[in-house]
Amino acid sequence: MTNVIEIRELRVEYPGRNRSEPPRVAVDGLSLSVRPGEVFGFLGPNGAGKTTTMNVLLGFVNATGGEAFLFGVNVREPIARQRIGYLPELTYYYRFLTAEELLRFYARIFGIPRAETDRRIDALLKLVELESVRRRPIKTYSKGMQQRVGLAQALINNPDLLILDEPTSGLDPLGRMKVREIIQRLKQEGKTVFFSSHELGEVETVCDRVAIISQGRVREEGRVSDLVAKYRCDLERVFLKVIGYEPPSGN
Amino acid sequence: MKPVASPWAWLALLATAVFSIGCTLHPRTAAWRERAASGSILQVVLGEGRRLFANHFFVRADVYFHSGYYPSIFDQAQKPAPTAISGTHERSQDHAQEHERQMAFLGPPRDWIERFGRHFRVTEHTHLAHGEEREMMPWLRLSAELDPQRVETYTVAAYWLRTRLGKVAEARDFLREGLRNNPDSYEILFELGRLYFENDHDVVRARNLWELALRRWSEREGRKQPGEQDLFSLEQIAVRLARLEETEGNLARAIQLLELARRASPAPAALDAQIAELRAKLSETSTPR
Amino acid sequence: MNRVLAIAGVVIRELYRRKDFYVLFVLTALITLLLGAVNFFNDPKIVRYLKEVCLLLIWISAVVIAVTTTARQIPSEKENRTIFPLLAKPVTRWEVILGKFAGCWLAAGIALLVFYLFFAVISESRGGEGTPAPKAAAATQVAPGPQAHDDHAHEPGCCNHAPASPNPWLVYLQGAWLHWMMLAVVIAMVLFGSLIFAAPSSNATIMFIVIGGILLLGEHLNKVALRQTEPVQTILQILYFAIPHLEWFDLRDFIIYDHPPVAFGPCALATAYAAAYALLLLVAAWLVFRRKGLTT
Ligand SMILES: Nc1ncnc2c1ncn2[C@@H]1O[C@H](COP(=O)(O)OP(=O)(O)OP(=O)(O)O)[C@@H](O)[C@H]1O
Ligand SMILES: [Mg+2]
């Protein structure tokens, strides 16, 4: 069975601001594979290259070297994105549209039939609890509400793979729990979820496997239980150790 | 989303608004305020530029007269003066031909772009008629508002108003307005006299106005060098007045006036004949008694 | 195609949820109505000055709407990052370009429709019976009035009177159609510019200058070139043949002065010309956009 995500020796450089400045390496020989039906946590400190890697998977950024595949299709092909749902970090959706109109627009992009669209929009807005404000323009939403609109749009095509960039940022504890529930439900439906997060607690509860990256390289990868067993501490400690943070000796 | 568009929209709007408000308000304020007041707001705002605008609007009237068939500054090295609408006074066939020649500015197209582009521009030389001359009036009105010292505007507008549009009263009011702004203009006096003579058949007033026009002419033009004098106007006034006096039976004055015209005329031969004719008539009427 | 229309739909929604269009329309209407109320020598039939000012305002408004709407499309998608969820869907970048173009163009078309309807109503309510067609038939000679001797010298034969248009609506329709076609080129141009110039405001400024320049000078560049010395002359000639001749699409003079409509053939050719130019610019825009990395 082909891997849902296959990344081989990926390298991404951002050009320097001017000639004299050398290019900045954001991803440096990163290899990774995500198997079908997995919930995969993509961890790493700020600036490690998580978003950049996802941008390559979605075709926004061109790799300087290496290759990446979604369902065995090279990410350069637009068709590779038919079966995925994507939640970007920090997005302001078309603020003059209402949540309902936004979802309808994306459904049209996927070519979902009208009746089916209506059904899905109802279900999704219920799922993310935005039914009461579905006819209000998005510009009147709070940050957490906007994040939930984002989650709903990522699910509009009933995707087989979800790529979520920090899905819980900006959400209250209840909202985070809901996101966890959604992820777990999707897993039960047999979907694959690839997400980045800084909330190691929730990663621990929902993820099958994690990869910890730092400075554009995978530093550690494996099942959460295996890692915890290997380092003999909780995931947060594992993370800190892997990225090379030495706790002050007094502790 | 930042409202990127707004500054531009507003800037463009402001520009149109300025132009349009200029067009809109001015004729209205003109009606509201007393003419005696020293200079209107627009005149103050625009300063000397108003002459330029006044000229622009005067030309605009000429463009209208030609229904959009008009040379741009690129079409000819020297632009023709807007002679067509000013051709209110006697004009000969020569002038018509000269005008035709001037207006044949298009010429053969230089390339396919120009040839194809001709489909989308007015390429026929026409003049307004059948009351459509009224369409020129707003521009002339505006021109007069901007530059009340431009005498031509009043005479031209009055000509069209009374001869083609049947608006004698409006023509009279406009000429009076012009006269208030230019008390020593023999051109306006002459035109006003024509209005009284031709439209109102008021011989007395016409005579008075034309006599006044002659006096104004000599006051203003008499002092100038012979080469710079407006002899064309002098001839016109004198000939008209002479005709009037002739029909009124004042042959001696008529002869006197024709002799004045003769001195101003570039082609005095025709006048010589008329003078001779009048002389003959005069001697005819005077000898039996 | 459905994807293109979906993207276009969002653009149209945006335009009609913003105030720009309404402000411009209300201003145009207000100025026109105010001007219409001015009394010139007690002649209520005078209409052409009103047509001219109204059309001028329509032209300015339409270009402002088209340029500002188009200029902000892709930059604001980037700034608000909506381009990311969009491109994460199975749309190609060509479809995004085409969708944005279609949206702006259709939105401009709707705006034009509203504007020209207003214009037609105004001009017909005013001069409607003032310039009837049958009168033109009797145009051979003006009856000599009492002042025939000094009647206008051009009357006899040397030139015609402007023939009244048999059906002004046809000219209005033609004028609006060509205007819309011109906007297609303008929108494609601005879309291309928005991928080259970083800031939408600088793009809009440059485009306003370019469009204004073409409309005012485009047709005269060849004549101007003739009067220049060598290097300048060739540059101007090249420019003359390279620029899209937007001034062809300006039928305002035909509308204002009641000229008969332009023949069908040239109209169709001009439409094809606009389509070709728009397509060319869209392909150029796509070539720039195609391989562009989108960074967060
Ligand atoms: N557009 C860009 N131009 C230049 N450098 C960039 C650009 N975007 C990101 N980088 C650099 O690439 C590296 C990786 O950034 P990336 O956004 O992938 O980090 P991240 O892991 O998502 O971080 P975070 O947890 O803060 O979201 C960082 O060093 C960043 O400075
Ligand atoms: Mg990130």
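I began at ligand 1 and found one of its oxygen atoms 2.9 Å from an N or O atom in the side chain of A:Asn46. The model is predicted, with local features needing pLDDT of at least 70 and side-chain atom pairs pLDDT 80 or more, while totals for chains, interfaces and linings use all residues. Residues are numbered from 1 along each chain as written, chains are lettered from A and ligands numbered from 1 in written order, and side-chain values use heavy atoms, without hydrogens or water.

**Entry 1: ligand 1**

I looked up two further pairs. An oxygen atom of ligand 1 is 3.0 Å from a polar backbone atom of A:Gly49. For A:Glu166, a polar side-chain atom lies 3.3 Å from an oxygen atom of the ligand. Ligand 1 alone exposes 630 Å², of which the protein buries 75% (Shrake-Rupley areas, 1.4 Å probe).

I then listed the shell (a heavy atom within 4 Å). Ligand 1 is surrounded by 16 residues, the closest being A:Asn46, A:Gly47, A:Lys50, A:Thr51 and A:Thr52. The surrounding residues come from chains A and C, so I noted the site as shared between chains.

I checked which elements contribute (DSSP runs: helices H or I, at least four residues; strands E, at least two). In chain A, β2 (24–34) and α1 (50–57) each give the shell at least two residues. The largest share, three residues, is from α1(A).

A:Thr51 sits in helix α1 of chain A and A:Glu89 in the loop between β6 (84–87) and α2 (99–110) of that chain, so the pair ties together parts 38 residues apart in sequence.

I found both A:Thr51 and A:Glu89 buried (under 20% relative accessible area; exposed is over 50%, partly exposed in between; 1.4 Å probe, protein chains only).

**Entry 2: A:Glu101**

I placed A:Glu101 in helix α2 of chain A. Its relative accessibility is 17%, so A:Glu101 counts as buried. The side chain of A:Glu101 makes a polar contact with that of C:Arg13, at 3.3 Å (N or O atoms within 3.5 Å, one able to donate a hydrogen and the other to accept it; sequence neighbours count only through side-chain atoms).

**Entry 3: helix α12 of chain C**

I noted 27 residues in α12(C), residues 264–290, and a reach of 38 Å from first C-alpha to last, close to the 39 Å expected at 1.5 Å a residue (1.5 Å times one less than the residue count). Its buried residues include C:Ala270, C:Ala274, C:Tyr277, C:Leu281 and C:Ala285.
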